[in-house]
Amino acid sequence: MKKVKADPKGVLTGAHYLDGDHSLAEGGLAAGCRFFAGYPITPSTETAERFSERIPFVGGVFVQMEDELASMAALIGASWGGKKVMTVTSGPGFSLMMENIGLACMMETPVVIANVQRGGPSTGLPTLTGQQDMMQVRWGSHGDYEIIALSPDSPQECFDFIIEAFNLSEIYRVPTFVMTDECVGHMTEKVIIPPAEEIELVERKWYKGPKDKYLPYKPDKDMIPFMVKAGDGYRFHTTGLTRDERGYPVINAECQDFCVRHLVDKIKMNADKIIKIEEDQIDDAEIILISYGITSRVAIKAIQQARKAGIKVGTIRLITVWPFPEKRIKELARKVKAYIVPEINYGQIVLEVERCAQGQTQVIGVPHCGGGVHNPDDIFKAIKEALK
Amino acid sequence: MKEEERLEEKSPIENLLRMDRIPHIWCPGCGIGTVVTSFAEALRKSEVDLDKVVVVSGIGCTGRVAGYVKLDSFHTTHGRAVPFATGLKLANPELKVIVFSGDGDIAGIGGNHFIHAARRNMDLIIICVNNFNYAMTGGQVAATTPRGANASTAPYGNFEYSFSLPYLAEASGATYVARWTALHLRRVTKSIQEALGKRGFSFIEVITPCVTLYARRNRLGDGLNLLKYYYDKSEIQHGADTRTLDISYQGKLIVGKFIDKEKPTFLDCMNEHLAKVLGNKYQPYGVSHD
């Protein structure tokens with residue numbers, strides 16, 4: 001993979017006081033995103049506003065589309081036009097994007113989508129927080145596929161993770177998501193934007209061979225096919241239908257096997273390279289608390305309480321939520337008395353932890369239906385109960 | 001003639017087709033192929049750089065066009081060809097982006113995208129093959145089915161009002177609007193040529209028989225007869241008021257070029273407006289090439 005430095009035009013180097021939403025936009029600009037298509041939706045709109053305000057001075061396009069179906073379709077078109085592209089949304093908009101997220105997966109198109117989550121289902125809680133789209137991001141479009149999703153817990157991480165998301169999206173040619181939430185989106189904190197030369201970006205894996213030999217979906221050694229862009233004379237074809245290496249539709253079980261296996265395996269086989277988790281005091285832990293996003297910050301108080309009470313609590317923070325760090329969760333399950341999984345939904349990632357724990361330890365969810373963050377006492381209570 | 005000799009006969013538009021994908025899936029008597037021929041002919045005559053021509057299709061019978069043309073081509077999701085094309089065009093304004101799709105795709109499921117792209121005067125050419133029904137799925141009623149016609153989901157006849165696509169296109173802001181039948185080969189070619197030669201949102205509707213479904217269900221005869229019927233029922237009225245273009249069941253078809261005007265495109269407006277408001281600090285974007 002070819003690494004390049006960020007284009008200084010998009011990088012607002014310095015120490016800023018930004019909320020998570022604005023930080024997402026700055027991260028995108030720093031990562032070289034020059035095309036943003038979106039539709040207003042609370043609590044994510046500020047990202048689109050910031051991008052539309054800044055892009056005229058950087059050189060690029062902001063277009064407010066007629067809905068999220070169109071935003072997502074425009075993103076895929078623009079990515080094939082050679083641009084780095086992003087959008088932002090929240091629950092209801094995310095649901096509308098699902099159709100073309102499937103197309104982006106099938107066409108193996110780099111796109112970055114930030115979801116500033118709010119409480120659902122349906123219109124739910126437009127202005128209040130939630131972590132309720134964590135399964136939707138993984139399974140929301142029809143068919144079998146894999147995506148990458150990261151979960152930031154601060155405005156600084158909104159900036160950092162968008163850049164990381166762009167890099168992962170370019171490397172693996174897959175939709176990559178930054179799954180934040182209303183709390184982080186509207187939380188204002190210090191955000192350090194480094195100088196452009198310190199921001200490392202990955203260049204798209206451009207095909208450079210003979211024009212008549214180009215095969216859009218022939219996996220390279222690292223499983224990722226080379227990409228070209230429209231207008232460069234390759235006269236290639238791609239489709240949302242099950243397709244062969246040439247990008248031509250082939251409607252049979254054999255080609256479906258080639259196609260789907262590839263879409264899934266390119267992420268699964270590279271999962272160790274993609275997954276990032278943060279561990280703390282794991283070695284002698286009797287309880288491990290697994291969390292992500294804003295909930296990791298709320299849990300800090302509960303962990304302090306528990307440690308004060310003499311309970312050995314370790315923590316795992318999921319930076320990458322998808323692909324799920326199943327190996328590590330499986331490995332540690334044998335060593336601890338319980339996994340505690342607080343999250344702002346009625347139990348989503350806890351199911352994944354249960355799956356990986358394989359009955360080797362108890363898995364205790366601490367659900368919160370959304371509209372606010374946990375009371376740390378509830379998490380502490382769950383820790384105490386796990387030891388009974 | 002020996003078999004080998006016959007096989008060597010080449011289609012004059014072969015260089016524009018993916019011959020490794022022929023034969024195509026369209027039914028004998030379907031008009032989509034003739035529209036593709038007109039399109040290929042228009043490309044040849046207008047001498048555009050074929051490396052810069054991109055075809056985007058949605059889903060449906062006409063949606064398959066993207067898979068047969070030897071150009072950069074995208075077969076996208078149902079109804080989303082227009083916003084996909086919008087992203088492509090904005091990412092690389094050098095491209096000539098043509099959306100080739102059916103009435104169900106463009107005016108049914110994609111209707112909202114269609115009117116908004118026209119409103120923005122997005123620099124796109126929309127070739128809409130109208131066969132009055134959802135053919136790929138078996139002949140269901142569409143937003144374009146004339147009242148009184150039968151369809152598989154309107155088994156007792158359609159009682160809904162239908163869209164007049166040129167009227168919709170003009171009202172939404174299109175700068176070029178034409179309608180022909182598939183048998184108006186040279187007229188369709190000329191319209192596509194004209195659209196290729198200008199900037200802005202161009203809309204070309206081509207009325208086409210769906211021989212297998214619409215024609216059979218309504219007992220309208222075979223493809224060739226229906227093709228000829230539409231042609232004979234058509235009346236050329238260039239510049240006709242688009243409010244008068246409703247299509248009734250087996251009634252008169254007013255065809256022609258209705259709108260051909262100049263108006264700054266989305267990117268023209270964006271560049272002009274932001275340069276005016278922001279001055280030198282504005283970074284002009286992808287100044288369009290003609």
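**Notes on a predicted two-chain model**

1. The peptide bond leading from T42(A) into P43(A) is cis, with omega near 0°. Please keep in mind throughout that this is a predicted model.

2. Two residues of chain A deserve a look for their backbone angles. S122(A), though not a glycine, has a positive phi of about 55°, and its place is the loop between β6 (112-119) and β7 of chain A. R235(A) is not a glycine either, yet has a positive phi of about 45°; this residue lies in the loop between β11 (200-202) and β12 of chain A. Are these two buried or exposed? S122(A) is exposed, with 7 other C-beta atoms within 10 Å, whereas R235(A) is buried, with 21 other C-beta atoms within 10 Å.

3. Now to the domains of chain A. The assignment gives domain 1 (3-202) and domain 2 (277-386), and their centres, taken over C-alpha atoms, are separated by 27 Å. In the contact, domain 1 of chain A takes part with 24 residues and domain 2 of chain A with 21 residues. On the side of domain 1 that touches domain 2, the elements giving two or more residues are β7 (125-129), α5 (136-139), β8 (148-150), β9 (176-181) and α7 (182-185) of chain A. That side of domain 1 consists of 13 nonpolar, seven polar and four charged residues.

4. The largest nonpolar core has 202 residues, and I162(A), I340(A), V56(B), L88(B) and I127(B) are those with the most contacts inside it. Helix α6 (residues 155-172) of chain A gives the most to this core, namely ten residues. Domain 1 (3-202) and domain 2 (277-386) of chain A both contribute residues, so this core lies between them. Another core lies apart from it and has five residues, among them Y207(A), Y214(A), M227(A) and V228(A).

5. Beyond its neighbours within four places in sequence, I340(A) is in contact with I287(A), L289(A), I364(A), V366(A), I379(A), A382(A), I383(A) and A386(A). Strand β17 (residues 338-343) of chain A pairs with β18(A) in the parallel sense over six bridges, and the bridge partner of I340(A) in β18(A) is I364(A).

6. These strands belong to an open sheet of five strands in chain A, ordered β13-β15-β14-β17-β18, with mixed pairing. At the edges stand β13 (277-280) and β18 (362-367) of chain A, each with a single partner strand, so one side of each has no neighbour in the sheet. From one strand to the next, the twist averages 20°. Helix α12 (residues 349-357) of chain A packs on the sheet, where it touches β14 (287-291), β17 and β18 of chain A, and its direction makes about 160° with that of β17(A).

7. Which strands make up the sheet that includes both β12(A) and β2(B)? This open sheet has nine strands in the order β12(A)-β2(B)-β1(B)-β3(B)-β4(B)-β6(B)-β5(B)-β8(B)-β7(B), and its pairing is mixed. Its edges are β12 of chain A and β7 (234-236) of chain B; each has a single partner strand, so one side of each is left without a neighbour in the sheet. Where the chains join, strand β12 (residues 237-239) of chain A runs parallel to β2(B), with three bridges, and H237(A) has S73(B) as its bridge partner in β2(B). Within chain B, β1 (residues 53-57) and β3 (residues 96-102) run parallel and share four bridges; in β3(B), K96(B) is the bridge partner of V53(B).

8. The contact between the chains takes 40 residues from chain A and 36 residues from chain B. α4(B) gives the most to the side of chain B that touches chain A, with eight residues. By class, that side of chain B has 15 nonpolar, twelve polar and nine charged residues.

9. Lastly, α4(B) also lies across β1, β2 and β3 of chain B, running at about 175° to β3(B). With α6(B), α4(B) packs at an angle of about 35°, the axes being 8 Å apart. V82(B), P83(B) and T86(B) of α4(B) make this contact with H113(B), F114(B) and A117(B) of α6(B).

Conventions
Residues are numbered from 1 along each chain as its sequence is written. Chains are lettered from A and ligands numbered from 1 in the order in which they are written. This is a predicted model: local features need pLDDT of at least 70, side-chain atom pairs count only at pLDDT 80 or more; totals for chains, interfaces and linings use all residues. Two residues are in contact if their C-beta atoms, placed from the backbone, lie within 7 Å. Ala, Val, Leu, Ile, Met, Phe, Trp, Tyr, Cys and Pro count as nonpolar, Asp, Glu, Lys and Arg as charged, and the others, Gly among them, as polar. Two strands pair if DSSP finds at least two bridges between them. Axes are lines fitted to C-alpha atoms, for helices over the stretch in contact, and angles run from 0 to 180 degrees between N-to-C directions. A nonpolar core is a set of buried Ala, Val, Leu, Ile, Met, Phe, Trp, Tyr and Cys residues joined through C-beta atoms within 7 Å. A residue is buried if 20 or more other C-beta atoms lie within 10 Å of its own, exposed if 12 or fewer, and partly exposed in between; C-beta atoms are placed from the backbone. Domain bounds come from an automatic or database domain assignment.
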